[in-house]
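Please look through the sequence and the model shown here before reading on, and keep both in view as the paragraphs lead you from the whole chain to single residues.

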Amino acid sequence: MLGAVEIYNKPNFAYREESFAILAINAWELLLKARVLQLGNNRMSSILRYERRQKADGSMSEKLYRIKNRSGTFLSVGLFGAIDRLRDEYGDKVHASVRENLVLLCEVRDNAVHFFNKGFDISKLVQELGTACLRNYLVLVRQWFGIDMSSYNFFLMPLAFVRDTADVDAVSLNADERKVLDYLKAHATMDADGEESDFNVALRLDIKFWKSKDDTAPKVRLSNDPDAMPVSLSEEDIREKYPWDYGILSTRLSRRYDDFLQNGKYHQIRRPLESDERYCRERYLDPGNPRSGVKRFYNPNIVREFDAHYNKKT
């Protein structure tokens, strides 16, 4: 995304909007896959594509097989496939305005890859779409991973290089280019206010834990011992260790068990686990304000505690 912004902001660059759309969409696809991996406990299988194969008798197999590309490596889900997987597998919905923004940027990208775009009107619309794209990106990076990117200059400015834009002569567009422009204008709904994020405080981290299989790595464990060495977690580390909220936890349990219901039994099992920091951590919706509301986040390992109470799907 930094590359997209840097290229877009060059004073004299003829392929500005096209390059931005290509790189920005690439950045979004990587971000969405990272979110799927985060919620899927970093299992690569969570972002791969699968298909059923035809058996010798003509019927389709029950087993799902990974799809390979021409080089023999496994195919991963695409941009919108990642959005759908977040919704279907984890109950983590991406706001409709974010998806619509990406649909329009993909239209710009597709026309750039297979043809080309030109015209001041298209440039202006791409800047409007790009500004919303960057804001949506920063909001979700902060919400999903607790990373504050305010130190980067994420703003688009090349229209400032165009003098007397009200008096410039319009570039004549052919029929196909006019269709692209009309499509973007019809679907581009700009929301100047957007969605406010709760994650607006960056905490400095003194000690950071990394999961390692190295036998020489030092071992640590959670403890309620008041004499134990205190370790502070930054917002980024909290969201990495506790990526699930209540909705995602409930969705994952419903997909894991065939007799799961969000009823009194579920709440009775879950509530004692919420006091165990191995599985749950609370944070204020307004960090630093003890009077603000509290939201719970869960570690994916909590699902194992439900295995003794529900029947796992085959």
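Predicted model: local features only at pLDDT ≥ 70, side-chain atom pairs only at ≥ 80, totals over all residues.

Residues are numbered from 1 along each chain as its sequence is written, and side-chain values use heavy atoms, with hydrogens and water left out.

The secondary structure of the chain comes to nine helices and four strands, where helices (H or I, at least four residues) and strands (E, at least two) are DSSP runs numbered from the N terminus. Of the 314 residues in the chain, 36% are buried; buried means under 20% relative accessible area, exposed means over 50%, and partly exposed lies in between (1.4 Å probe, protein chains only). If one takes the contacts (heavy atoms within 4.5 Å) between residues at least 6 apart in sequence, 70% of them join residues at least 24 apart.

Consider now helix α2 (residues 16-39) and helix α3 (residues 79-90), whose axes come within 8 Å and cross at roughly 25°. Axes here are lines fitted to C-alpha atoms, for helices over the stretch in contact, and angles run from 0 to 180 degrees between N-to-C directions. The crossing angle makes α2 roughly parallel to α3, because angles under 35 degrees count as roughly parallel, over 145 as roughly antiparallel, 65 to 115 as roughly perpendicular and the rest as oblique. On the α2 side the contact is made by I25, W28, E29, L32, K33, R35, V36 and L39, and on the α3 side by L79, A82, I83, R85, L86 and Y90. By class, the residues of this contact are 10 nonpolar, no polar and four charged, where Ala, Val, Leu, Ile, Met, Phe, Trp, Tyr, Cys and Pro count as nonpolar, Asp, Glu, Lys and Arg as charged, and the others, Gly among them, as polar.

A second pair is formed by helix α8 (residues 246-256) and helix α9 (residues 264-273), with axes that come within 13 Å and cross at roughly 120°, which makes α8 oblique to α9. Here Y246, L249, S250 and L253 in α8 meet Y266, H267 and R270 in α9, and this contact has four nonpolar, two polar and one charged residues.

Where does I47 lie? I47 belongs to the loop between α2 and β1 (50-54), and it counts as buried at 6% relative accessibility. Leaving aside residues up to four places away in sequence, I47 touches K33, V36, L37, S76, V77 and R85. The C-alpha atoms of I47 and V36, which are 11 residues apart along the chain, are separated by 6.7 Å.

The loop between α2 and β1 also holds N41 and N42. Most residues other than glycine have a negative phi. N41, however, has a positive phi of about 60° although it is not a glycine, and phi of N42 is likewise positive, near 60°. N41 counts as partly exposed at 38% relative accessibility, whereas N42 counts as exposed at 61%.

Lastly, E240 is placed in helix α7 (residues 235-241) and is partly exposed, with a relative accessible area of 46%. E240 and Q38 are 202 residues apart in sequence and 7.2 Å apart in space, C-alpha to C-alpha.
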